[in-house]
Amino acid sequence: MLLLECPYCGAKCEETELSPGGEAHIKRYGPGSSDQDFEAYLFMRENPKGVHFERWRHVYGCGKWFHAARCTQSLEVFGTYAAQTFEPPQEIKDKISAKRPGWSWRDFS
Amino acid sequence: MSMRLKTGGRLVNRASQVEFNFNGKRLFGHEGDMLASALLANDQMLVGRSFKYHRPRGIVASGAEEPNALMNMGEGAKFEPNQRATTTELFEGLSVGSQNHWPSLEYDIGAVNGLFARFLSAGFYYKMFIHPRPFWKHIYEPFIRQSAGLGKAPTEKDADTYEHLYAFYDVVVIGGGIAGLQAARTAAASGASVLVMEQTAHWGGRAVVDGGEIGGQSTEDFVNDSLEKLATMDNVTLKTRMMGAGVYDHGYVLGYERVSDHAPKTTGPRHRLWRIRAGQIITATGAIERPLSFAGNDIPGVMLASAVRDYVVNWGVAVGDRTIVVTNNDDAYRTAITLKQAGLDVPVILDARANGAGSLGDTAREMGIRVEYGKAIAKVKGGKRVTGVAICAQAGSGGVLEEIACDAVAMSGGWSPVVHLYSHCGGKLNWDDQAVMFRPDLNRRPTDQNGEGFVTPAGSANGELALSAVLADATARAKEAVKALGHKAPSTRIPEASEAGENAVEPVWLMPQGAGDKLRMKTWLDFQNDVKVSDVQLAAREGYESVEHTKRYTTLGMATDQGKLSNINGLATLADALNADIPNVGTTTFRPPYTPISMGAIAGAARDEVFQPLRQTPMQGWHDENGADYEPVGHWRRAYCYRRGSETRAQAVEREILQTRKSLGLLDASTLGKLVVKGPDAGKFLDMMYTNMMSNLAVGKCRYGLMCSENGFLMDDGVVARIDEDTWLCHTTTGGADRIHAHMEEWLQTEWWDWKVYVANMTEQFAQVAVVGPNARKVLEKLGGMDVSKEALGFMQWADGTLGGFKARVYRISFSGELSYEIAVPANEGRAFWDALLEAGAEFDVMPYGTEALHVMRAEKGFIMIGDETDGTVIPQDLNMQWAISKKKEDFLGKRAQERSHMVSPDRWKLVGLETLDGSVLPDGSYAVAPGNNANGQRNTQGRVTSTYYSPTLGRGIAMGLVHNGPDRMGEVIEFNKVDGSLVKAKIVDQVFYDAEGAKQNV
């Protein structure tokens, strides 16, 4: 029963107020893309023991999608941020670097 | 025999008498008794039978770790199985029965299993029941099902009520022993809000039984003093009869409060489930004594030493007249001393350690108790009750030195900290060789959202068994907890305690250490599931190395006590058999709840109408009054049909269809999803959502659209209407409205967030009625107010206006093949509009129809239904719906996926109509068989039925199905299987069975 703060309405949400949306920062591949890119887009997901970026929707609240950066092992939450972005805010990346020096996740580090 | 002593029993009120019933016998106890103590006071040591061998089982423990004393309790709507006698408080009129025996507890036929024990070893079921294969279904499984299960299942609906409660505290202390109380005092002094929960009805835990002094006070006075101080503090909540059931992520705790189990006649809920968020959790959950592994340790009368002591001190009950104490640690000496003080006989203390005990040993000897060092029990004698023990040297293989008569054995194999709650959320343990126990590693505690530890074990739960160490540990841990919350740690003084100096415990996992096969086969680890030392050793020999596998193979620790009593003994036995260290074997996973909690408490108030609120259309009242036979559709209940008089469902459906096709029908279509999509980019957005083009739809027109997932598969369909330049109204399926709304929001928020589009779900703002049939136009013209002629409102157009004075939006669309109007009016006018249509339609014998008539009529027309023709693996191309897939659009959700090789394969099954040669109705889901068998020896298939109905219009069965190369095989006859194994022939035909040219709807 995670606690995540919705970056839109500021509510400290209990997991039951939220709906999970899998991995964050997935790039969409549409018509014209290669089979490999399309397969990766639809099916290939990270399953790290450690730093991870996820999508959540504040479904029983303001209804907004947001992203959470957290550690799947310690359950530590590094921060939540708006979904309208292609990469995590620098401030959150700095926070992760302070706690998990040398971390990397896909193209981010 | 076991009995009530003349004096003693700090918890019982001897002035009161409480009557209860055990297996039909009237028995008496006192106020303050537990069911277990009352049974023992009545010399009822035999309380059940074991699971596999039906061995006689007696009470072993005095708390939650009890594996044997499980009862069927109560009657009728108050019946509940598997109630532990050791955690059930006695009340007037309590009625229980023992479990797992036939015909009676004393004479049980299943006990014959015990004679075959050597054939019923670990993995017996896996080995025995695999051959011959057909025997499983018809012989083995029915037999096992009949003999499996301990308690009976209730037959009536639970008459009690339950509730959930949400709470928030800085510090939650689980356990109300001296560690818990000391931790609570320390934490509360910092100003933090504190909840203390104790699973029993009494505070103080073991310390009040074990004695000792704290700050010059007795332990009991210290407990009372602490409670008094805590009770005066506003920031402290004290709860008894409340168990910490589970610890979850980020400080979430479940508290299970048994509000009125002890007083079932009181009003209010029986159980309350507390859903708590805690800043810090202190688990002061104590420790549980381990049994010793010697032959015959399961015979009734063999009990944990601490339990024997509890029954004397707390309830004034002696387990036997002559009790032999056997131990590997000093604590059990307290039992011998207590028994002697109560005037009972202790023939001998058998201490497996060569060096024996510390000062408690001296005390025992001074009291005249014989103490033997380095000695062990070779075997216990007796059947349904202990009659004596044979003594041997612990170092040997069981050569009997002496036999002593006794009627009880008090055993102690050392103590295991209760680390369950600490471990639920990932707290790690270390094996302590000195203390012979797994204890929490404070550097690897469960972590919270800040990455900091949030569960702290304190006292015995942290491996500290001595009084002074418990108090020091509890104080220190509580200070750390409040500091972690940002409070200043209070300067709480650690009270000084005096206690007996103890010698170290020694590991004794088998008694005697060289016990042979014969003894090990009589040496129990899991008392309820009949797992013996020999079974675990066999599992190790057969290659089971993982403790999790061994657990499942032998069923060790899988009984209702979940290994609380003896899992550590099992692990140690496995480690020994594998020649490995205990920490390398590790523990099985500790999972919540700590002890079973009632299903009622989990459900809380969410039952009956409250379990899932039903959605109702504005016309629901009319349906209720007119014979509606409902079926669930999403969160709605829709009328399947309206039955009149003694009609069957089928007769009602037939009447509704025939009258609609002949004259006029009405359908409550309010449940259809209505999503308004608006904004400058709405057209562009809908072009991505639908496979067809929606941006070029003219204002005033409607278009049927298909929606696919990004994976290419059909997910929804419906008619889209262009309302104005930047507004579209999208109809979805009844069950799809919320899902499709969420789907649109997801893409808008997370992919195309710069597009200017709003989506609003208007489903419940409008009541919608389908007016269907050759007389549909006439009835609307009769209501009057707007032009609904073919010229003014053509097929697939919509118009706003009034009808009979109602503000209406009229869509000329048809899902039945008839002349049809779907009319939306404001929801609050829905019922009045429905009534007006019924009145105006009376002259046409208007016929309200339900969902089944809707389904049959659409199938007659060959229209697909999401969920029938689609199942998450079907793409529009499978349904020959290329016409609904835009070739002009560069992109839409699902386009790329539908280009994949498997999606364009000519071998995909495609939609066709099916007509049985004999006119019968094909079974739903039936498969079209093909020649030959597949790799698994199953018949090959070449298609399946997706929709199948009796068509009243055509007077025979009609069906649609997906068939290999179907559209190219028109007229071919293929065979479908039936449930009885026979085959039925059907001809492949066009999927449109009725009015293929559309003459009826286009008038």
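## Domains, strands and contacts in a predicted model

Chain B is divided by the domain assignment into domain 1 (9–157), domain 2 (162–288 + 417–491), domain 3 (291–413), domain 4 (523–585), domain 5 (629–670 + 765–857) and domain 6 (673–764). Such bounds come from an automatic or database domain assignment. Taken over C-alpha atoms, the centres of domain 2 of chain B and domain 6 of chain B are 54 Å apart.

This is a predicted model, in which local features need pLDDT of at least 70 and side-chain atom pairs count only at pLDDT 80 or more, while totals for chains, interfaces and linings use all residues. Residues are numbered from 1 along each chain as its sequence is written, and chains are lettered from A and ligands numbered from 1 in the order in which they are written.

### Strands

Strands (E, at least two residues) and helices (H or I, at least four residues) are DSSP runs, numbered from the N terminus. Two strands pair if DSSP finds at least two bridges between them.

| β11 (213–214) of chain B | β12 (217–218) of chain B | two | B:Glu213 and B:Ser218 |

In chain B, an open antiparallel sheet of three strands has the order β12-β11-β31. Its edge strands, β12 (217–218) and β31 (497–498) of chain B, each pair on one side only.

### A helix pair

Two packed helices are described by the angle between their axes and the distance between the axes. Axes are lines fitted to C-alpha atoms, for helices over the stretch in contact, and angles run from 0 to 180 degrees between N-to-C directions. Helix α19 (residues 649–662) of chain B packs against helix α24 (residues 851–860) of chain B at about 55°, with the axes 9 Å apart. α19(B) is therefore oblique to α24(B) (under 35 degrees counts as roughly parallel, over 145 as roughly antiparallel, 65 to 115 as roughly perpendicular and the rest as oblique).

Residues are in contact if their C-beta atoms, placed from the backbone, lie within 7 Å. α19(B) contributes B:Val653, B:Glu656, B:Ile657 and B:Thr660, and α24(B) contributes B:Glu852, B:Ala853, B:Val856 and B:Met857.

### Between the chains

The contact takes 21 residues from chain A and 21 residues from chain B.

Note on methods. Two residues are in contact if their C-beta atoms, placed from the backbone, lie within 7 Å.
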